Amino acid sequence: MTRQVKSPNGAVRRFGCRQRCYTNENLTISGIILFARRVGMFKVRREKVVAMLELDPYKPLPNPGETALIEIRPSVAVIGGGLSGMIAARLLAERGYPVTVFDKGRQPGGRGSIRVEDPYTFDHGCQYFTARDRRFQRYVEAWIEQGIVSLWNARRASCLRGAVNLVHDDVTRYVGVPGMNAMVRHLASGMDVRSGLEITDSRRVPGGWQLTGTKPIPELFDLLISSAPAPQTANVLRTTRLAEEAAKVNMLPCWTAMAVFDYDLELPFDAAHISASPLVWAANNGSKPGRSRHECWVMQASPSWSIEHIDDAPDAVAEALLAAFFEAAGAAPVTPRFTRSHRWRYASPEEPLRAECLWDAEEWVGACGDWCHSARMEGAFISGLTLVERVLNDRPRAPEFCR
Ligand SMILES: Cc1cc2nc3c(=O)[nH]c(=O)nc-3n(C[C@H](O)[C@H](O)[C@H](O)COP(=O)(O)OP(=O)(O)OC[C@H]3O[C@@H](n4cnc5c(N)ncnc54)[C@H](O)[C@@H]3O)c2cc1C
C-alpha cells in the first residue's frame, strides 16, 4: 500500500511501507525488496545467517560528517545506559549511525554504577565480572591495557553463622578501575548521552519512533532499542510486540548496605559468600585495585530477604544487614563511621529469556540486557553485541531509510 504525506517543504511524498522508503515512484527496487521481506522470501536466510560483527575495541568514533557523504544511516535511540545499551550504542556509533542514549540515572552505568559518599566510593551494584566469551575477553584485554579494568585477587571466604572458611578457585575476577562504572564511562565518551531523562512512552508515528520522557525529546528516531531491565522495557515498549516477551521476565530485588569503618576490621577475607543469613555477599571495596584503602564494606541481601523487607526504611535495612554481617563473619560488632543503603528493585532476572536479544525487523525496535541472555555483566555485553549483529544483518540504511 502506498501512502502520501506532505513533507515540510510542501512536496508530496509517497511511501509504501513502515520503513519509509520515500520515493516518487510507486514501485521501486527497495519496495520490491521490502515486499519480499514481508512475505518471508528472505526469512530463512535472515534467521540463519547472522553475520558476526568484526570487533575492534580500539575503533574510534567517525568524525562528524564522515559517513554522511557515503550514505544516510538511520538514527537510533537507545533507552538505558548500562553495559548492554552502551555497547550496542557504541558499536552502532562506530559504524556511523547517529545514536542518542537516554538514561534516567544521573550518570550512565546502570547496575554497574558506583555510589559516591565523598571521599568514599562503593561499587554498590555489580561486584566484579568474569569473561568466558572470546568476544568479551577481547574488550576486557583492551580495557586492561587502557587501565580501566584490573584483576581483583581478593581473599575469599564462605561464612556460615560465624564459621569462616577461606576458599580458592581458578576463576579470574575483574573489576573496573577506579570503579565498576569505568567501562561504561569509557564506552560513553564522545557519545550523545542524555542522563537524568526517563523515557515514559514510545510510539511509532509517521516519520519514526517518538519518545516521551521526563524532558522534551523533539526528534524522531528510525530505530529504537531498549536496554532497561525487563519490566521497564515492557513498559516503555508497551506498544510493540516485544513487550510481551519482556514482561515474562521477573526481576528480583537486592537491598544493599554500605558501611565505612575507622578501624581495620582485621577479617581474614576481602569478600565472602554468606549462607543462612539475610546476606548472601559482603566485600571490602578498599581491597579492590585503584580504590582508597579504607574499610568500605558492601553487603548484599538475598532476594528472599529483600522481597520481605522491600518497603522497610533504608536506615532500618542498613542496621539489620550490618548486624547480619558481624554475625556471619563471627566478629564483634563495631560502630561504623556511617552507613547507607540502596534498594535495587530490579537487581537480577529470576529466569533470563536465553534469547540473547529481542529484535523486530519490521518495526525496527529491539531490546537487550542481562535479562535476555544471562544475569551478569558478560551476559549484558553479549546481549547488546548480538542485537547490533541482528540490526546490521538487516542493514537498515538508505534507500530504505532515506530521511
Ligand atoms: C546488587 C547487584 C550485584 C551484582 N553483582 C554482579 C557481579 O558480581 N558480577 C556480574 O557479572 N554481575 C553482577 N550483577 C549484574 C550486573 O550488574 C548486570 O547484569 C548488568 O549490569 C546489567 O546491565 P544491563 O545493561 O543489562 O542493565 P542495567 O545496568 O540495569 O542498565 C539499564 C539502564 O536503563 C536505565 N533505565 C531504566 N529504565 C529507564 C527509562 N524508562 N528511561 C531511561 N533509562 C532507563 C537505568 O537507569 C540503567 O542505567 C549485579 C547486579 C546487582 C544489582
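Q: What makes the order 9-8-16-17-18-15-19 an open sheet of 7 strands?
A: In this predicted model, 7 strands line up in the order 9-8-16-17-18-15-19 with mixed pairing. Strands here are DSSP E runs of at least two residues, and helices are H or I runs of at least four, both numbered from the N terminus. Two strands pair if DSSP finds at least two bridges between them. Strand 9 (163-167) and strand 19 each pair on one side only, as the edge strands.

Q: How do you know that strand 15 and strand 18 pair?
A: DSSP needs at least two bridges for a pair, and 6 bridges join strand 15 to strand 18 (residues 295-301), so these antiparallel strands qualify. Along strand 18, M258 stands opposite V298, and A257 stands opposite M299.

Q: What makes strand 15 and strand 19 a pair?
A: They share 9 bridges in the antiparallel sense. M251 has P349 as its bridge partner in strand 19.

Q: Why is G80 counted among the residues that surround the ligand?
A: A residue is near a molecule if its C-beta atom, placed from the backbone, lies within 6 Å of it. 39 residues surround the ligand, and G80 is among the closest, with G82, G110, A228 and R376.

Q: Which elements give two or more residues to that shell?
A: Among them are strand 15 (251-261), strand 19 (338-349) and helix 10 (377-393).

Methods: Residues numbered from 1 in each chain as written. Predicted model: local features only at pLDDT ≥ 70, side-chain atom pairs only at ≥ 80, totals over all residues.
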